[in-house]
Amino acid sequence: MAQAADHGRRRVVTALVFLAVLCAGAGLCVLSARERGLRRGRLLFAGGSGKSVAPWGVSLRGRVSDRLRPEWICLVLGGAVAVLGGSVLPLLVGALAVPLLGRRLRTVAAARDRLARADAVITLCGAVAAELRAGKQPGEALLAAGRGSGALGAAEAAVLAAARFGGDVPEALRRAAREPGAGGLRGAAACWRVSVDGGAGLAAGLEGLEGALRAERDQRAGLRAELAGARSTVLVLALLPAGGLLLGTALGADPLRTLLHTPAGLCCLLAGGVLESAGFFWAGRIVRAGEDV
């Protein structure tokens with residue numbers, strides 16, 4: 001009877017701990033979204049200078065949310081498992097996982113930015129071609145379409161200045177093409193150079209470039225869609241051990257105490273962690289190799 005009561009209390013504690021972890025994760029997401037909105041508002045109402053116009057309380061929340069990044073959820077999870085298992089080892093593993101997850105999240109964000117800039121380059125080529133078809137001069141067309149487009153990145157001011165004052169626009173476009181995802185601007189620079197030196201139609205060249213870049217983007221998007229199933233399978237397989245631990249805890253088997261407080265359990269935990277990491281890395285590498293084809 002006492003054992004059954006102890007198992008019941010353990011289940012209640014487990015449920016409360018995981019509820020606290022979910023609340024902490026939701027709080028991190030809310031703080032991150034709130035800070036992004038505050039930054040956009042500060043840039044809008046401060047004239048794009050980036051200077052803070054928020055009161056002290058809002059600024060304090062912004063500084064806190066800068067430190068509470070999503071990767072810190074690993075430390076929260078490690079602490080929860082450490083409390084449940086009565087061992088400091090999960091907390092150490094969670095602390096080690098924080099920089100790894102942070103690096104992965106930054107990689108994903110960089111890839112997202114590259115795709116967004118590639119889409120902006122396609123839109124820029126089409127917009128400049130449309131402005132040229134409407135009768136504008138090349139410099140005027142680039143000024144009208146390029147301002148605020150996001151395709152030129154940090155080199156936007158240099159490209160627009162070259163277009164406004166008769167500078168070397170192809171060279172400025174080639175420099176802007178060094179930004180991640182902006183490789184299509186090299187083609188725009190070549191079209192601009194040919195139109196200036198040989199008198200060929202710039203609008204036709206940009207339209208052809210837009211079609212080629214759009215076809216390449218659609219091909220990559222189709223490939224990513226085909227690999228989405230493989231990515232989901234990798235994620236599910238990576239989460240299966242955690243699901244097994246939760247199921248064992250719910251059934252009263254107490255797998256955490258066995259894994260963290262017995263020599264055989266520690267050996268199994270180490271071997272499983274090594275095999276899990278190797279399998280996850282290998283499967284992820286296969287998926288990335290398929291994307292690069």
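The side chains of Arg217 and Asp218 meet in a salt bridge, with 3.7 Å from N to O. A salt bridge here is a side-chain nitrogen of Lys or Arg within 4 Å of a carboxyl oxygen of Asp or Glu. The model is predicted, so local features need pLDDT of at least 70 and side-chain atom pairs count only at pLDDT 80 or more, while totals for chains, interfaces and linings use all residues. Residues are numbered from 1 along each chain as its sequence is written, and side-chain values use heavy atoms, with hydrogens and water left out.

Arg217 is partly exposed at 28% relative accessibility, and Asp218 is partly exposed at 45%. Salt bridges that share partners join Asp119, Arg217 and Asp218 into one network.

The structure holds 10 salt bridges. The table gives some of them.

| Residues | N to O distance |
|---|---|
| Arg217 and Asp218 | 3.7 Å |
| Arg175 and Glu171 | 3.5 Å |
| Asp254 and Arg257 | 3.4 Å |

Arg175 and Glu171 both lie in helix α7 (residues 169–176), 4 residues apart, which is about one turn of the helix. An α-helix has 3.6 residues a turn, so residues three or four places apart point the same way. Glu171 has a relative accessible area of 25% and is therefore partly exposed.

Asp254 is found in the loop between α9 (202–250) and α10 (255–261). Its phi is near 55 degrees, a positive value in a residue other than glycine.

## Helices and burial

The protein has 11 helices and 0 strands. Helices (H or I, at least four residues) and strands (E, at least two) are DSSP runs, numbered from the N terminus. Along the sequence the pattern is α-α-α-α-α-α-α-α-α-α-α. Of the 293 residues in the protein, 28% are buried.

Helix α5 (residues 138–146) has Gly139, Ala141, Leu142, Leu143, Ala145 and Gly146 as its buried residues. After α5 comes Gly148, whose phi is positive, near 75 degrees.

Helix α11 contains Gly272 and Val287. Gly272 counts as partly exposed, at 36% relative accessibility, whereas Val287 is buried, with a relative accessible area of 6%. Each of these residues can be paired with a residue from another part of the sequence. The C-alpha atoms of Gly272 and Pro241 are separated by 8.9 Å, and the two residues are 31 residues apart along the chain. Val287 and Arg231 are 56 residues apart in sequence and 7.1 Å apart in space, C-alpha to C-alpha.

## The largest cavity

Rolling a probe the size of a water molecule over the atoms shows where empty space is left. On a 1 Å grid over the protein atoms alone, a cavity is a set of points where a 1.4 Å probe fits but cannot get out, and lining residues have an atom within 4 Å of a point. Grid points are joined across faces, edges and corners, and a volume is the space filled by probe spheres set on the points.

The structure holds 1 cavity of 30 Å³ or more. About 80 Å³ of space lies in the largest cavity. Its lining consists of Leu124, Cys125, Val128, Leu142, Leu173, Leu185, Ala188, Trp192 and Leu206. By class, the lining has 9 nonpolar, no polar and no charged residues. Ala, Val, Leu, Ile, Met, Phe, Trp, Tyr, Cys and Pro count as nonpolar, Asp, Glu, Lys and Arg as charged, and the others, Gly among them, as polar. Leu142, one of the lining residues, is also among the buried residues of α5.

## A nonpolar patch on the surface

Val88, Leu89, Leu91, Leu92, Val93, Leu266 and Leu269 form a nonpolar patch on the surface, with about 550 Å² of accessible area together. The elements that give two or more residues to the patch are α4 (89–133) and α11 (263–291). Helix α4 gives the most, with 4 residues. Val93 is found in α4 and is partly exposed, with a relative accessible area of 47%.

Patches are made of residues with over 30% relative accessible area and no salt bridge; nonpolar side chains (Val, Leu, Ile, Met, Phe, Trp, Tyr) are joined within 5 Å, and like charges within 9 Å. Accessible areas come from the Shrake-Rupley method with a 1.4 Å probe, and for residues only the protein chains shown count as cover.

Definitions and conventions:
Buried means under 20% relative accessible area, exposed over 50%, partly exposed in between (1.4 Å probe, protein chains only). On a 1 Å grid over the protein atoms alone, a cavity is a set of points where a 1.4 Å probe fits but cannot get out, and a pocket is an open set with protein on both sides within 12 Å along at least five of seven lines; lining residues have an atom within 4 Å of a point.
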